[in-house]
Amino acid sequence: MVEVFVDDLSSICYQSLALFRQYNVPHVVRNIVHDPEARRDFYMLKLQFVPSFVLAGRIYEGFNPNLMGQLLKMHYDIEIPRRSEEHTSELQSLTNLVCR
């Protein structure tokens, strides 16, 4: 199960959740605006960006659809088509993906 930390304003959060729903990725949404426990966990994990993901015990901040596709294939055998380089670079200019 992928934990996804989101807020109410980020369009990148909406894009990542839409992708997860479209490909039936097992996930739980943790809204840091409405859920005090999610907000507490967000700060305890020292997260700084939304969306942030906890996947297979690792933390990923930001959203890169191609990298997320590779991770989901590796851990859940879910095949997500790669995005075009132009589309990916546009998304990456909006957010960075940090893994720890």
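The stops below lead from the whole chain to a helix, the core and the aromatic rings.

**Whole chain.** Begin with the cartoon view of this predicted model. The secondary structure comprises 4 helices and 5 strands, and from the N terminus the elements follow the order β-α-β-α-β-β-α-α-β. Of the 100 residues, 43% count as buried. Among contacts between residues at least 6 apart in sequence, 61% join residues at least 24 apart. If a surface is displayed, the protein exposes about 5800 Å², of which carbon and sulfur atoms supply 53%.

**Helix α3.** Next, select residues 65–76, which form helix α3. Its 12 residues should span 16 Å at 1.5 Å a residue, and the end C-alpha atoms lie 15 Å apart, which agrees. At the N-terminal end, show the side chain of N64: this residue caps the helix, with a side-chain oxygen 3.0 Å from the backbone nitrogen of N66. Just after the helix, D77 takes a positive phi of about 55 degrees. Which residues of α3 are buried? They are P65, N66, M68, G69, L71 and L72.

**Nonpolar core.** Now select V2, V4, F20, F53, L55, M68 and L72; within the largest nonpolar core, which has 25 residues, these touch the most other members. Strands β1 (2–6), β3 (52–55) and β4 (58–61), together with helices α1 (11–22) and α3, each supply at least two residues of this core. The largest share, 5 residues, comes from α1. In soluble globular proteins, nonpolar side chains tend to be buried together. Centre the view on M68: leaving aside residues up to four places away in sequence, M68 touches F20, F53, L55 and F63.

**Aromatic pairs.** Finally, display the aromatic rings, among which there are 4 pairs. Select F5 and F42: the ring centres are 6.0 Å apart and the planes meet at 55 degrees, so the pair is tilted. This pair links distant parts of the chain, since F5 belongs to strand β1 and F42 to helix α2 (residues 36–44), 37 residues apart. F5 counts as buried because its relative accessibility is 1%; F42, at 5%, also counts as buried.

Move on to F53 and F63, another tilted pair, 6.0 Å centre to centre with 40 degrees between the planes. F53 lies in strand β3 and F63 in the loop between β4 and α3, 10 residues apart. Both F53 and F63 are buried.

Technical notes:
Residues numbered from 1 in each chain as written. Predicted model: local features only at pLDDT ≥ 70, side-chain atom pairs only at ≥ 80, totals over all residues. Heavy atoms only, no water. Expected span 1.5 Å × (residues − 1). Buried < 20%, exposed > 50% of the residue type's maximum accessible area, 1.4 Å probe, protein only. Polar contact = N/O pair within 3.5 Å; in protein donor to acceptor, adjacent residues only side chain to side chain. Core = buried A, V, L, I, M, F, W, Y, C linked by side-chain atoms within 4.5 Å. Contact = heavy atoms within 4.5 Å. Areas by Shrake-Rupley, 256 points an atom, 1.4 Å probe, with all protein chains shown as cover. Phe/Tyr/Trp six-rings, centres within 6.5 Å; stacked < 30°, edge-to-face > 60°.
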